[in-house]
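I opened the notebook to look up charged side-chain pairs. The entries below follow the order in which I went through them.

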Amino acid sequence: MKTSIVGFPRVGKLRELKFVTEKYFRDEVSEQELKEEGRKLREEHWTLQKESGLDYIPSNEFSYYDGVLDAAVLFNIIPNRYQELRLSEQDTYFAMARGYQGDHGDVKALAMKKWFNTNYHYMVPEIEDSTQIRLAGTKPLEEYKQAKDLGIETKPVLVGPFTLLKLAHYLGEKKAKDFRDDLAASYVELLGELADLGAELVQLDEPCLVKDITKEDLTLFLQLYSTILEKKGSLKILLQTYFGDIRDCYQEIVGLDFDAIGLDFIEGKKTLELLRNYGFPKDKVLFAGVINGKNIWRNSYEKSLHILKDLESKGIQTVVSSSCSLLHVPFTLENETKWDRSITEHFSFAKEKLSELADLKKLTESADYEKEESYQKNVALFAKDRQAEDPAVQARVAAIKESDFTRLPAFDDREKVQKERFQLPLLPTTTIGSFPQTADVKAERTKKKKGEITEEEYNTFMKDKIAECVKMQEDIGIDVLVHGEFERNDMVEYFGENMSGFLFSEKAWVQSYGTRCVKPPIIWGDVSRKNPITVTWSSYAAGLTDHPMKGMLTGPVTILNWSFPREDISIKESTYQIGLAIRDEVLDLEKNGISIIQVDEAALREKLPLRKEDWYTDYLDWAIKAFRLVHSGVKPETQIHTHMCYSEFTDIIRAIDDMDADVITFEASRSNLEILDSLQENRFQTEVGPGVYDIHSPRVPSEEEIYAALEKMLAKVEKTKLWVNPDCGLKTRGNKEVKPSLENMVKAAKRMREAIQ
């Protein structure tokens, strides 16, 4: 059997792409220097894959910001407001990704949403009625040719036309079907040019096929591909799916003239069942995704070979592949120098997964693979006791009662009590929690890690930063304050460091969006809180002001979803363990006088099954309960906030209301406040703060812009239930943007307050 991967991490072994791109944003390097770094990274990644023995090496999955954005630009899906800036091609691209504010104009960025059920974010293409879809770029051709000049044959990877149209946002009267023919013709043109360069196999990614497919969807897909496949000539086409199975359209898909089809055997619950029930054509190649592209645990060769040998026995031509792109895991374990071998032997990052593919290839070719050394070592590894269990934690989870998920009294009664207690004005202003992690903050944290300063010196510095932050908020006129979270490296890692059961890497970075990389903790064993985590900092900040001070916590579902979870127990059980730890923290904050507590669930939707029939039974039932477990023990006068961002929430709005928080803040600015209609339609009871401006862009919103957003909000949300806040934390921004943005936010809120009194 041959081997393949769907895609590879693009930011580099040590985040080289992130750093050079951010230098470009600061005008410290030229466009040529940016592109030279990109060229070097692609060459290094292709060489690494070739040396590993990988048979099908992907190209064009590299991106300076996002692959979906690349596809939009490639086919001229560029809204007029960006074209009117008259910037260079590269800067137009970045304006779409980040927004632009300068001599050429002032525009917001495209909306950004979660990539299916991952923590990666994609830019949402916008298609206007005037959009003329055509082949407008050469990126896939240039990257294929670059690899070929190195003597490396690659399979160019493209976002498929069906997925591109399904993910797009349509601004006018026209819909996907109105752009179908032009897009299909553009793909035909591009595939022809790739064939002329010598490409043998092209991968078209169609992950939207694993979602609920309607008859209209299937018709659109079939019409697109009837054109593309009819004109593919000698070029071979791999239809690649991932993040689930294609149960709604399997028979139709395998009946089309694809040369190969990629199926996910990790998250595809019904993939094996589909193959058994309906078979697989003998004239096609199956790219079997048995290597988990989303988690970092070693592959079980026993389980993978059971699948691969079963496919082989059915006469199916098979290629061993990753389940999805390796974009979602860190680059290599080689950067981790502090872990003992007894730990690292259980893990496999992107580079190590290439070795696993090479092992599986050899084992499938062996006359008796069970006698092979690599197989025996792998089986022995899975038989080891990792000493990950804590009986006390397990007993506490087992003792959870149904009443532990219910907060009393009911929301309406609590709301009255809280309004009387806090005496906040209409449209109270607040922020989501974090303030800029400036260079001095990061430097001080590094000094502490290296032992260059004492714990006392570090704490004094952090208290000074908190005091500055509190005073700035008071000066601006914000109503409910935060302490700024300067002591925190990351909203998940910080909490994990104060709990048992977590491991932390040195350089296991994963791209979240654009240049934003995160270093997810690893849940190694049973989880419990070691000691109070935030109480000291929140109490100190509260003592500096007469304003209400929010305690800031990360919720159990988000901690689970933004970590690499265990595979030996259910994610439900892990989440309940974390929930009990955060519950302890909530109650300690309350005991210490913190009466407003925000428990962020930014990633609530992240592991939501992609098919609606599985939403509640497989996820929402227990995920919502995990959040309620956290706050059910607090007093009626304690106000519980939560926050969610960069996902589609409109279709689960009732479940979100059922979280029974007192206030919820949403990311809404990039999605043109679309969530407001859903809040109104579902009679959302929770007080709500849709974000009034986008913090992931460096532009400063004007007072008028925020005032206009508030007008839209008040048309759909009762004035007594509306809060005013940015759409996310301010950690990644600079002070030069944060202060004027918040000043404009407060001015707009006060002005609106006067208008509606």
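I call a residue buried under 20% relative accessible area, exposed over 50%, and partly exposed in between (1.4 Å probe, protein chains only). The model is predicted, so I note that local features need pLDDT of at least 70 and side-chain atom pairs count only at pLDDT 80 or more, while totals for chains, interfaces and linings use all residues. Residues are numbered from 1 along each chain as its sequence is written, and side-chain values use heavy atoms, with hydrogens and water left out.

Entry one, the total. I searched the whole structure for salt bridges and found 63. The term means a side-chain nitrogen of Lys or Arg within 4 Å of a carboxyl oxygen of Asp or Glu.

Entry two, Asp70. I found this residue buried, at 14% relative accessible area. Its side chain forms a salt bridge with that of Lys139 (3.8 Å, N to O). Asp70 sits in helix 3 (residues 67-74) and Lys139 in helix 6 (residues 139-149), so the pair ties together parts 69 residues apart in sequence. Helices here are DSSP runs (H or I, at least four residues), as strands are (E, at least two), numbered from the N terminus.

Lys145 is partly exposed at 44%, and Asp149 is exposed at 58%.
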